[in-house]
Amino acid sequence: MRCWPHVLVAAAAAAAKRRQGTSQWSTPVVVVPAHYREWGRSPPWATKLPPWASLYIYQRTKKGAPRYSPNYGYEAGVHLQFIKEHYDDLPELVVFTQAKPTQHNPLFFDALKCLNSKTNYTSLNWNYQTRGTTYWRKFALQGVVEQCWRDVLDAFGVRLPPKKEPVASFYCCAQMAASRDMIRRHPRSAYEKAYAMLGGAGACHKGELDWATLSVYASSRTRKWDAPRYNRHTAGAWEHLNHVILGGEPLNSRRRARARIPRCAPSDFGSRWRIARETPSTQARRQLDSVEVDKPSRRHRRDGEGPS
């Protein structure tokens with residue numbers, strides 16, 4: 001515990017702010033990366049973040065230490081844990097990333113700077129894919145993965161048609177931004193269920209698969225039961241389905257028509273963040289300056305006009 005003093009201080013400050021009814025976040029945007037041992041306590045790309053974005057980092061190696069996230073479910077475990085733990089006090093916008101964001105989008109930080117207060121949900125990657133659950137036939141896990149997809153979406157009130165293979169069109173690799181309002185479209189209990197299925201140490205589906213709804217039939221070439229050891233396959237449900245869960249998009253989402261190189265106006269988060277950090281004296285000085293600018297100078301007064 002002594003190795004994490006900055007985390008303990010931050011946690012205590014956050015708890016105090018919650019008691020006072022204020023938010024614990026110092027910036028409107030919070031970046032939540034999922035990592036294991038790719039870097040130490042802080043990512044090497046932290047300095048590339050804009051000033052209106054801050055980091056919230058989980059560690060997955062020291063059980064019992066602050067901000068511990070079990071090493072299950074890849075990025076799904078970290079992302080869903082953050083939502084269920086901070087559901088009542090989410091930042092304005094949450095950016096979920098992998099340990100090395102530019103590995104999936106070389107222009108990730110350019111795309112990040114295009115986020116603004118009107119952003120509801122967007123993928124920050126450009127690798128658009130279409131994939132059905134038959135992809136896992138080579139592992140004899142087509143039925144297991146399809147069952148997991150159905151169970152996860154069912155937790156969020158999305159029902160897939162029975163006896164039809166789910167096919168997802170999505171931007172791969174689970175790097176996206178979602179607003180507080182979009183996340184709260186679903187209750188906390190839905191995220192807790194999804195976390196138990198994808199980020200916990202158990203299986204995504206308990207009991208034998210529901211063959212009455214699956215598009216695949218029970219056979220010697222298909223696993224009939226889910227198991228924790230298949231988590232490396234089932235946890236990909238978060239990557240394939242987050243556009244449905246967080247973005248409210250259909251399973252077969254459309255490809256963006258936007259150019260690959262981000263071009264946008266400066267984010268309004270910057271000006272809002274600077275104003276929020278101003279001291280009372282600075283705010284008073286800025287308001288006084290604005291009044292003086294609006295007041296006409298002496299030489300611009302009309303002839304015969306006296307001083308105001």
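I began with Phe82, which counts as buried because its relative accessibility is 0%; buried here means under 20% relative accessible area, with a 1.4 Å probe and protein chains only. The model is predicted, so I kept to its limits: local features need pLDDT of at least 70, side-chain atom pairs count only at pLDDT 80 or more, and totals for chains, interfaces and linings use all residues. Residues are numbered from 1 along each chain as its sequence is written, and side-chain values use heavy atoms, with hydrogens and water left out.

I then looked up aromatic pairs (rings of Phe, Tyr and Trp, the last by its six-membered ring, with centres within 6.5 Å; stacked under 30 degrees between planes, edge-to-face over 60, tilted for the rest), and the count came to 15. Trp25 and Phe82 form a tilted pair, 5.8 Å centre to centre with 45 degrees between the planes. This pair links distant parts of the chain, since Trp25 sits in the loop between α1 (5-19) and β1 (29-34) and Phe82 in helix α2 (residues 75-86), 57 residues apart. Trp25 also counts as buried, at 13% relative accessibility.

Next I noted Trp126 and Tyr171, an edge-to-face pair at 6.4 Å centre to centre and 85 degrees between the planes. Both Trp126 and Tyr171 are buried.

I also found that ring pairs join Trp25, Tyr56, Tyr58, Phe82 and Phe96 into a cluster. For charges over rings I required NZ of Lys or CZ of Arg within 6 Å of the ring centre and within 35 degrees of the ring normal; Arg67 lies over the face of Tyr56, 3.8 Å from the ring centre.

Definitions and conventions. Helix = DSSP H or I, 4+ residues; strand = E, 2+ residues; numbered from the N terminus. Buried < 20%, exposed > 50% of the residue type's maximum accessible area, 1.4 Å probe, protein only.
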